[in-house]
Amino acid sequence: MTLSDIVRGIQFCVNSSIDILERHFSNQLEKYIDSNNKFFTKTVKLNDNYAVDIPLFCMSDHNALILDEMEVRMKVDLKDFEIKEVENTCSSENFSVSRSSFCVDANNIDSKNPNNIDICI
């Protein structure tokens, strides 16, 4: 498993939770609509001459639909390092790695292993 696989899995979980919330609120919306597809309202009297009908749906809390930010922390073991591109600036031993890949394992974590790293996404 690569770190990209883990990030894609986390992104899938976020998207799935948003889908579940949207379905939940769609089902909740039925509580605020009558059989003629009209919103249930509450009449609010502003003064002796004026009154306003406010849909009850507008008075309910919709903040649960918002997923503003998410932070994930994990500890993984790096393995199977592979250099994909090497930029060799000269014929000496100086070179830089411009792209590499590695696999991660979240099951075999040993605090003494130097290949274990903490990740915060």
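Core and aromatic rings

Trainee: Which residues does L78 touch, leaving out those up to four places away in sequence?

Mentor: Keep in mind that this is a predicted model. Setting aside residues up to four places away in sequence, the contacts of L78 are F102, C103, V104, N115 and I117.

Trainee: Which element gives the most residues to the largest nonpolar core?

Mentor: That core has 8 residues: I6, I10, V72, M74, V76, L78, V104 and I119. Two elements give two or more residues to this core, namely α1 (3-29) and β3 (73-88). With 3 residues, the element that gives the most is β3.

Trainee: On to the rings. How is the aromatic pair of Y32 and F57 classed?

Mentor: A ring pair is described by the distance of the centres and the angle of the planes. For Y32 and F57 the centres are 5.6 Å apart, with 70 degrees between the planes. Planes over 60 degrees apart get their own class, so the pair of Y32 and F57 is edge-to-face.

Trainee: How far apart in sequence are the parts that the pair of Y32 and F57 ties together?

Mentor: Y32 lies in the loop between α1 and β1 (41-45). F57 is in the loop between β2 (51-55) and β3, so the parts tied together are apart in sequence by 25 residues.

Trainee: And how is the pair of F39 and F57 classed?

Mentor: Here the centres of F39 and F57 are 6.1 Å apart, and the planes are at 35 degrees. F39 lies in the loop between α1 and β1 and F57 in the loop between β2 and β3, so this pair ties together parts 18 residues apart in sequence.

Trainee: Is F57 buried or exposed, or something in between?

Mentor: The relative accessible area of F57 is 25%. Buried needs under 20% and exposed over 50%, so F57 is partly exposed.

Trainee: What separates the C-alpha atoms of E30 and F57?

Mentor: E30 is in the loop between α1 and β1, and its relative accessible area of 58% makes it exposed. E30 and F57 are 27 residues apart along the chain, and their C-alpha atoms are separated by 9.8 Å.

Definitions and conventions: Residues are numbered from 1 along each chain as its sequence is written. This is a predicted model: local features need pLDDT of at least 70, side-chain atom pairs count only at pLDDT 80 or more; totals for chains, interfaces and linings use all residues. Side-chain values use heavy atoms; hydrogens and water are left out. A nonpolar core is a set of buried Ala, Val, Leu, Ile, Met, Phe, Trp, Tyr and Cys residues joined through side-chain atoms within 4.5 Å. Buried means under 20% relative accessible area, exposed over 50%, partly exposed in between (1.4 Å probe, protein chains only). Helices (H or I, at least four residues) and strands (E, at least two) are DSSP runs, numbered from the N terminus. Contact means heavy atoms within 4.5 Å. Rings of Phe, Tyr and Trp (its six-membered ring) pair if their centres lie within 6.5 Å; planes under 30 degrees apart count as stacked, over 60 as edge-to-face and the rest as tilted.
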